[in-house]
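Reader: I would like to learn how side-chain contacts are read from a model, one kind of contact at a time. Could we begin with charged residues and then turn to rings?
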Amino acid sequence: MTPVPAHGFPVGMPGYQVLGLLGQGASGQVFKARQRSTGQLVAIKVPGAGAARDPAARRRVHQRLHQETRVLALLQHAHVVRLLDKGMADGGFPFAVLEYVPGETLRDLLQRQGRFPLPDAAALMAQLLDALSFLHVRHIVHRDLKPENVMVVATGVTLHAKVLDFGLASHHGAPQFAAGAEGTPAYCAPEQLRGDACVPATDLYAWALIFVECLCARPCVQGAGVTEVLRQQLSPSPIALPDDVLRSPLAPLLLRALHKNVHLRAADAARLYAELAQCLAQMRAAPPGPPALLPAMALPGARRNSTIDPLLLAQEQARGTPSRAILSLTLRLYPARDASLALSDLQEIREQQLRWCASAVQSGQGHDAGTLGDCMLFHFDQGPSSAENLQRAAALAQDLCIRVQRRSRLLEVQHGVRLEISGGMHTAAPKPSGASPDGRQAANVTLYLNSLAGPGTVVLSHRAHSELAGSVHSEAYTGMGPVRPPEPEPVYRLAPQAAHP
């Protein structure tokens, strides 16, 4: 067997002139090279020199490189490094010829310049979500997303991201090399560290950690050693976000993507892309100065002193009636799997749908109590009793669920986007003294119920369910959202009605 040269670049590759080492890791080395026939700059990945001395390690590294080229051969995407060629050098050493990306890794960029301004961080994270959506539709999970594996290139006045290193990627379920906990612990989701199957939500966990790191210029999960990092990742306690991130409209999105339970974690990159667009629109539309906040609501499962604001909603305006029904509706817009829409286009379509929904509620005698992002709050107080107000709100919510299904089909044909609605319903009871109801508390309960609701679902509080007294059909609901009810009191959902063509 021909030995690997000391510098690590294998002999027997006459078509390429090596120009220098770009980087190296446990599984291989990447060299900058020039293709002699075209003069094109390329990156050539080869097994590391250390693997040549250990037959078992050599087999493992060769298998990873084969896996990487097999996956990359399936991919052509603006934010994924391209495979140009593959082959076998003299002595049986495999190599992969990759697109040369003339930039620096996100890790190097963060160390050099510190944290990103929010618009720059969001733009890069949107590009990564676009790439992840593309991968996941093709049943590919990256499994090693981290700042070192994201190359950032300045193209004019903007930054452009490229995802690198697919050596740990799985295709249709599992990688073809040795199973077990592989990856970088500080960015691995708990299921990956346990050696369980990796799914799209596994990549989104790493994506959210990188997003927070871009905003803070320091890793979310760090410790004195690997043991401490593993303890934090495998603990049921949620990832601790910095206070300024917790107070921002990004908090609900990031917390869903960082849920330790893979079954409750955000799992659709395209949906996160749309939600990120909505958050950015929300922040641009916010008036200067600190927003008026509802009282912060404890996140179930978090430390006792950990709080998040439900959605930074404007205060619900009390109207002095004890029979008010409160309805919260969330309207979300998602690009279809193969759609390619700019954030500005998504935002324009989203705003049109929000205006349509608010107009429909107001036509049904609902009063607007505030909108922020994709969440709207309404109250109904024209009827003589809470039951009648709840009936009016419930009938309107059921009708909107049907109408949103129809609009979604039309929007998918016209613009390549889907529309979903969810909601929560509660009633503001009077205080024992006969004083006005606590509108803030009732609004918080309604928003919390909305957070439990899956697409096309309107969740009722136990009180609202009891006051409706069978006048509207409802059924027990266990929750599909990112959090579960922390108390034993049951919640219900309005029974769905079939949409007629």
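Author: Let us begin with a single residue in this predicted model: Arg82 is partly exposed, with a relative accessible area of 32%. The general idea to keep in mind is that side chains of opposite charge can pair when their charged atoms come close.

Reader: Which residue forms a salt bridge with Arg82, and how far apart are the closest N and O atoms?

Author: The partner is Glu99, and the closest N and O atoms of this salt bridge are 3.9 Å apart. The two residues are 17 apart and belong to distant parts of the chain, since Glu99 is in strand S5 (residues 93-99) while Arg82 is in the loop between helix H1 (55-72) and strand S4 (83-89). Glu99 is buried, at a relative accessible area of 15%.

Reader: How many salt bridges does a search of the whole structure find, and which parts does the pair of Glu191 and Arg265 tie together?

Author: The search finds 18 salt bridges, one of which joins Glu191 to Arg265 with the closest N and O atoms 2.9 Å apart. Glu191 lies in helix H4 (residues 190-193) and Arg265 in the loop between helix H8 (251-257) and helix H9 (269-285), so this pair ties together parts that are 74 residues apart in sequence. Glu191 is buried at a relative accessible area of 2%, and Arg265 also counts as buried, at 5% relative accessibility.

Reader: Turning to rings, over which rings do the charged ends of Arg138 and Arg407 sit?

Author: The charged end of Arg138 sits over the ring of Phe134, 3.7 Å from its centre, and that of Arg407 sits over the ring of Trp356, 4.0 Å from the ring centre.

Reader: How many aromatic pairs does a search of the whole structure find, and are Trp207 and Phe211 buried or exposed?

Author: The search finds 1 aromatic pair, formed by Trp207 and Phe211 in an edge-to-face arrangement, 5.5 Å centre to centre and with 65° between the planes. Both residues lie in helix H5 (residues 200-216), 4 residues apart, which is about one turn of the helix, and both are buried.

Notes
Residues numbered from 1 in each chain as written. Predicted model: local features only at pLDDT ≥ 70, side-chain atom pairs only at ≥ 80, totals over all residues. Heavy atoms only, no water. Phe/Tyr/Trp six-rings, centres within 6.5 Å; stacked < 30°, edge-to-face > 60°. Buried < 20%, exposed > 50% of the residue type's maximum accessible area, 1.4 Å probe, protein only. Lys NZ or Arg CZ within 6 Å of the ring centre and 35° of its normal. Salt bridge = Lys/Arg side-chain N within 4 Å of Asp/Glu carboxyl O.
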